[in-house]
Amino acid sequence: QVQLVESGGGLVQAGGSLRLSCAASGRTFSSYFMGWFRQAPGKEREFVAHISSSGGISYYADSVKGRFTISRDNAKNTVYLQMNSLKPEDTAVYYCAAKVPTGEYKYWGQGTQVTVSS
């Protein structure tokens with residue numbers, strides 16, 4: 001079992017930056033792949049980025065590649081999403097999630113709102 005709490009969202013102008021954090025409970029945090037997802041108004045939830053348990057590999061959606069960076073600090077049980085060069089189309093509720101060994105993202109945070117103004 002793991003509990004996830006996101007923070008760091010807010011209102012930012014286009015071209016600006018935000019850093020999201022996801023604090024996790026559980027001694028097994030370091031064994032999970034972690035992911036970030038987002039859901040914009042009127043749209044389905046979409047994948048943003050994920051990172052391996054050790055932080056050695058990561059993968060990004062094409063829409064954010066080169067602008068966003070996912071990282072983790074297992075000693076702090078925290079995963080981060082650094083978002084640069086933000087665009088209005090990045091506006092969404094951002095969620096972090098933990099991937100269990102069966103391959104599904106089973107545990108989800110409550111989400112944090114990111115709004116990018118033009």
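A disulfide is a pair of cysteine sulfur atoms within 2.5 Å. A search of the whole structure finds 1 disulfide, between C22 and C96. This is a predicted model: local features need pLDDT of at least 70, side-chain atom pairs count only at pLDDT 80 or more, and totals for chains, interfaces and linings use all residues. Residues are numbered from 1 along each chain as its sequence is written, and side-chain values use heavy atoms, with hydrogens and water left out. Helices (H or I, at least four residues) and strands (E, at least two) are DSSP runs, numbered from the N terminus.

**Disulfide**

- The sulfur atoms of C22 and C96 lie 1.9 Å apart.
- C22 sits in strand β3 and C96 in strand β9 (residues 92-99), so the pair ties together parts that are 74 residues apart in sequence.
- The torsion about the S-S bond of C22 and C96 is about 50°, so the disulfide is right-handed.
- Buried means under 20% relative accessible area, exposed over 50%, and partly exposed in between (1.4 Å probe, protein chains only).
- C22 counts as buried, at 0% relative accessibility.
- C96 is buried too, with a relative accessible area of 0%.

**Open sheet**

- Four strands form an open sheet in the order β1-β3-β8-β7, with antiparallel pairing.
- Its edge strands are β1 (4-7) and β7 (68-73), each of which pairs on one side only.
- Neighbouring strands of this sheet are turned by 15° against each other on average, direction ignored. Axes are lines fitted to C-alpha atoms, for helices over the stretch in contact, and angles run from 0 to 180 degrees between N-to-C directions.
- Two strands pair if DSSP finds at least two bridges between them.
- β1 and β3 run antiparallel and are joined by 4 bridges. V5 has A23 in β3 as its bridge partner.
- β3 and β8 pair in the antiparallel sense over 6 bridges. Here L20 has L81 in β8 as its bridge partner.
- β7 pairs with strand β8 (residues 78-83) over 6 bridges, again in the antiparallel sense. D73 stands opposite T78 in β8.
- Strand β3 (residues 18-24) is mostly covered, with 5 of its 7 residues buried.

- R38 lies in strand β4 (residues 33-39).
- R38 is buried, at a relative accessible area of 5%.
- A polar contact is a pair of N or O atoms within 3.5 Å; within protein, one must be able to donate a hydrogen and the other to accept it, and residues adjacent in sequence count only if both atoms are side-chain atoms.
- The side chains of R38 and E46 make a polar contact of 2.7 Å.
- The side chains of R38 and D90 make a polar contact of 2.9 Å.
- Not counting residues up to four places away in sequence, R38 touches (heavy atoms within 4.5 Å) several residues, including E44, V48, F68, E89 and Y94.

**Aromatic pairs**

- Rings of Phe, Tyr and Trp (its six-membered ring) pair if their centres lie within 6.5 Å; planes under 30 degrees apart count as stacked, over 60 as edge-to-face and the rest as tilted.
- A search of the whole structure finds 6 aromatic pairs.
- F37 and W108 form a tilted pair, 4.9 Å centre to centre with 55° between the planes.
- This pair links distant parts of the chain: F37 is in strand β4 and W108 in strand β10 (residues 105-108), 71 residues apart.
- F37 counts as buried at 9% relative accessibility, whereas W108 counts as partly exposed at 28%.
- Ring pairs link F37, F47, Y59, Y105 and W108 into a cluster.
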